[in-house]
Amino acid sequence: MSKFTGSLMGMGNPLLDISAEVGQDILDKYDVKMDNAILAEEKHVPIYKELVDNHSPQYIAGGATQNSIRVAQWIMTANGKKDQSAYMGCIGNDKFGTQLEDCAAADGVKVHYMKDESTPTGTCAVLVKGGERSLIANLAAANNFKPSHLETPESKSIYESASVYYIAGFFLTVSVDSLKIVAEHALANDKTFCLNLSAPFIIDFFGDQVATALEYADY
């Protein structure tokens, strides 16, 4: 496996988006609002099967940070800079995880996923209505990322090579310790660390984690 020599690294929650047009009845049934993003509770669990069975959904490689890294690489590739980005997160050892790997590779992003053998790859219900959307994320394996993954030689080569780091607030619900490892490396080596607050619930319910991350954020 070739060593990463690029400049951009992202770390976050890799999810397979299950996207479908829905009516107000579905929004009311699952008590969700448009233009919002939440973590799935027990009452939301049936929605994934309902979308698959009744709404002919699209399956799209997703996760906020992974999408941002993919788009950044598209822009860099268009400007003659291939293979400049890498991404880490946790997936299951299943077909959805393979689909995420294949999609990232097709976009020129080097992925170094942690793989959870006992938990499925995370999914996100994307409910589309009238040009707006609502997101319900079932993190599953994405919730199991561990700092130990950053101790692997390949992980170290990735974050030591990168000069810009991007992590969304969604990852603060998973592993602040992992974020701190990358952020402290960025700080010690005068590199750029970028944080996105992501969604209102992150501020409302994970304030301490946000405060920790903000200490390192350049942007």
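Is R70 buried or exposed? R70 is buried, with a relative accessible area of 10%, where buried means under 20% relative accessible area, exposed over 50%, and partly exposed in between, as found with a 1.4 Å probe on protein chains only. This is a predicted model, in which local features need pLDDT of at least 70 and side-chain atom pairs count only at pLDDT 80 or more, while totals for chains, interfaces and linings use all residues. Residues are numbered from 1 along each chain as its sequence is written, and side-chain values use heavy atoms, with hydrogens and water left out.

**Strands and crossover**

- Helices (H or I, at least four residues) and strands (E, at least two) are DSSP runs numbered from the N terminus, and two strands pair if DSSP finds at least two bridges between them.
- Strand β11 (residues 164-168) has four of its five residues buried, so it is largely enclosed by the rest of the structure.
- Strand β1 (residues 8-11) pairs with β11 in the parallel sense over three bridges, and M9 has Y165 of β11 as its bridge partner.
- β11 also pairs in the parallel sense with strand β12 (residues 192-196), over five bridges, and V164 has T192 of β12 as its bridge partner.
- From β11 the chain crosses through helix α6 (residues 176-188) to β12 in a right-handed β-α-β crossover, right-handed being the case in which, with the strands pointing away from the viewer, the path from the first strand over the helix to the second runs clockwise.

**Pockets**

- A pocket is defined on a 1 Å grid over the protein atoms alone, as an open set of points where a 1.4 Å probe fits, with protein on both sides within 12 Å along at least five of seven lines, and its lining residues have an atom within 4 Å of a point.
- The largest pocket holds about 440 Å³ of space, and of the 27 residues that line it, A37, A64, C124, L135 and F170 are the closest to its centre.
- Two or more residues of this lining come from each of β2 (15-21), β3 (36-39), α3 (64-78), β9 (122-129) and β10 (132-138).
- By class, the lining of the largest pocket has 16 nonpolar, eight polar and three charged residues, with Ala, Val, Leu, Ile, Met, Phe, Trp, Tyr, Cys and Pro counted as nonpolar, Asp, Glu, Lys and Arg as charged, and the others, Gly among them, as polar.
- The second largest pocket has a volume of about 280 Å³, a volume being the space filled by probe spheres set on the grid points, which are joined across faces, edges and corners.
- Lining the second largest pocket are 15 residues, of which D31, N36, I38, E41 and H44 lie nearest its centre, and the elements that give two or more residues to this lining are β3 and α7 (200-205).
- The lining of the second largest pocket divides into eight nonpolar, two polar and five charged residues.

**Cysteines**

- The structure holds zero disulfides, a disulfide being a pair of cysteine sulfur atoms within 2.5 Å.
- The closest cysteine sulfur to that of C103 is in C124, 15 Å away, which is too far for a bond.
- C103 counts as partly exposed at 22% relative accessibility, whereas C194 is buried, with a relative accessible area of 16%.

**Helix residues**

- L51, in helix α2 (residues 46-54), is buried with a relative accessible area of 1%, and from C-alpha to C-alpha L51 and S134 are 13 Å apart in space and 83 residues apart in sequence.
- R70 is found in helix α3, and R70 and Q24 are 46 residues apart in sequence and 32 Å apart in space, C-alpha to C-alpha.
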